[in-house]
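Trainee: Could you take me through this model feature by feature, giving the general idea before the particular case?

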Amino acid sequence: MNPSSAVMATRDQALSFSNNPFSQAHSFPFPSFKNGSFVLPINTQTRKPKPNTLFTASKRFQAITACLGERNLPAKALRQILELPGVHQGPACFDGLSAKLVERAGFQYCFTSGFSVSAARLGLPDTGFVSYGEMLDQGQQITEAVSIPVIGDGDNGYGNAMNVKRTVKGYIRAGFAGIILEDQVSPKACGHTKGRKVVSREEAVMKIRAAVDAREETGSDIVIVARTDSRQALSLEEALWRSRAFADAGADVLFIDALASREEMKAFCEVSPFVPKMANMLEGGGKTPILNPIELEEIGYKLVAYPLSLIGVSIRAMQDSLIALKGGRIPPPGSMPSFEEMKEILGFNDYYEEEKRYATRTYPVYSDRVSSSPYSIQRAQDDSEQRGQSPQDPVVEVITPDVYNNYRADGSRDPFSGIWSRTLRVRITGRDGFEKLDVRIPALF
């Protein structure tokens with residue numbers, strides 16, 4: 001797509017532009033996209049609707065293209081990675097913190113893992129429990145936490161071809177650079193577990209076509225990764241046939257999950273040689289042989305995912321820490337970062353530096369009208385200049401409660417009402433707005 005060209009959009013699509021979660025604060029490791037500096041020309045020549053005419057989804061009008069260009073930044077960055085030589089590693093994250101750690105480690109992009117998101121968010125197995133809405137919400141938190149492109153796990157599109165279109169459009173709005181779509185039946189599950197079943201050839205191909213249509217309808221450039229689980233469900237030959245069909249339908253990257261040998265991996269990479277291939281190095285005992293990046297590049301892969309490394313080591317680290325705590329010990333220093341390191345990772349220091357830009361001298365604001373509160377505030381007007389006080393002197397307030405007028409249910413006055421509530425309250429507030437002292441002194445009667 002030519003980003004400077006005008007695009008047509010429906011009313012619903014145009015309204016969604018204003019909610020674009022991918023801000024210009026995002027940056028990418030490419031000069032042309034640094035700090036979101038890629039700005040598209042805005043077309044202000046819009047056509048006014050006729051009086052008393054309602055906009056409907058079927059009517060189309062000229063949309064402002066600037067938001068589309070901004071939304072396409074992560075996809076364009078991912079496409080540049082696909083054009084680079086060599087194989088490119090992408091760890092799978094499951095929340096904003098894990099994604100941030102991937103970026104800090106120097107990786108160019110990352111994946112989201114449905115297995116890991118289901119485990120971390122729900123504490124449940126990847127057997128179809130996690131929903132579209134939950135994956136979308138988790139994904140948006142991830143894309144907002146980092147500036148590198150993120151490829152989202154779109155499962156099987158959460159339904160038929162129409163659901164696939166909705167899923168793709170939702171992932172675009174969430175700021176994903178790419179989306180993985182598979183051909184499993186519902187409920188789907190991890191491709192390396194038993195009992196995998198896939199939809200028919202026709203339905204599988206039609207879903208990829210629907211994803212491509214959704215991309216074109218939104219004017220997006222999101223990378224579509226077409227995955228088939230038919231190797232374990234049916235046969236290698238069926239998986240190879242579906243991969244070719246996915247490429248013909250417009251998929252940008254091909255992925256056969258759970259290939260069982262190096263020879264099968266080579267056969268896959270010979271299919272549609274001009275379409276990049278993705279490998280899945282499932283750690284800890286999956287069906288696919290674990291190869292190093294050099295070996296994967298020699299076979300013909302372009303992208304490689306590591307789906308369980310982060311969630312796996314997190315589980316083991318938490319287990320070890322809990323054992324230590326239960327035994328009356330804290331985790332040893334070498335097993336966890338220091339508090340200062342954690343603050344640096346999470347951005348506390350950056351926050352403090354940026355906070356200085358907006359620092360102001362805060363003065364307490366009070367209302368001069370009579371309050372209905374049982375407490376009255378006695379304070380002098382701010383005449384520090386007349387009294388020669390420094391503007392940094394604190395504000396001293398003497399707050400005395402009014403006597404409570406308590407009545408019985410029959411309306412008669414309690415002769416002892418109110419005497420227990422008499423106190424003298426002194427509160428000192430600094431000019432920085434922070435409370436320095438707040439004491440209550442009994443009146444002793």
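Trainee: Which helix gives the most to the lining of the largest pocket?

Mentor: This is a predicted model, in which local features need pLDDT of at least 70 and side-chain atom pairs count only at pLDDT 80 or more, while totals for chains, interfaces and linings use all residues. Residues are numbered from 1 along each chain as its sequence is written, and side-chain values use heavy atoms, with hydrogens and water left out. As a general idea, rolling a probe the size of a water molecule over the atoms shows where empty space is left. A pocket here is an open set of points on a 1 Å grid over the protein atoms alone, where a 1.4 Å probe fits, with protein on both sides within 12 Å along at least five of seven lines, and lining residues have an atom within 4 Å of a point. The helix you ask about is α13, with 9 residues, where helices are DSSP runs (H or I, at least four residues) numbered from the N terminus.

Trainee: How much space lies in the largest pocket, and which residues are the closest to its centre?

Mentor: The largest pocket holds about 730 Å³, and among its 22 lining residues L97, S314, A317, M318 and P337 are the closest to the centre. At least two lining residues come from each of α4 (96–104), α13 (309–326) and α14 (339–346).

Trainee: How should I read a salt bridge, and which residue pairs with D252?

Mentor: Side chains of opposite charge can pair when their charged atoms come close. The criterion is a side-chain nitrogen of Lys or Arg within 4 Å of a carboxyl oxygen of Asp or Glu, and the structure holds 17 such salt bridges. The partner of D252 is R79, with the closest N and O atoms 3.3 Å apart. This pair links distant parts of the chain, since D252 sits in the loop between α10 (236–249) and β8 (253–256) and R79 in helix α3, 173 residues apart.

Trainee: Is D252 buried or exposed?

Mentor: D252 counts as buried because its relative accessibility is 15%, the classes being buried under 20% relative accessible area, exposed over 50% and partly exposed in between (1.4 Å probe, protein chains only).

Trainee: Why is helix α3 described as largely enclosed by the rest of the structure?

Mentor: Helix α3 (residues 73–83) is so described because 8 of its 11 residues are buried, including L73, P74, I81 and L82.

Conventions
Points joined across faces, edges and corners; volume = space filled by probe spheres on them.
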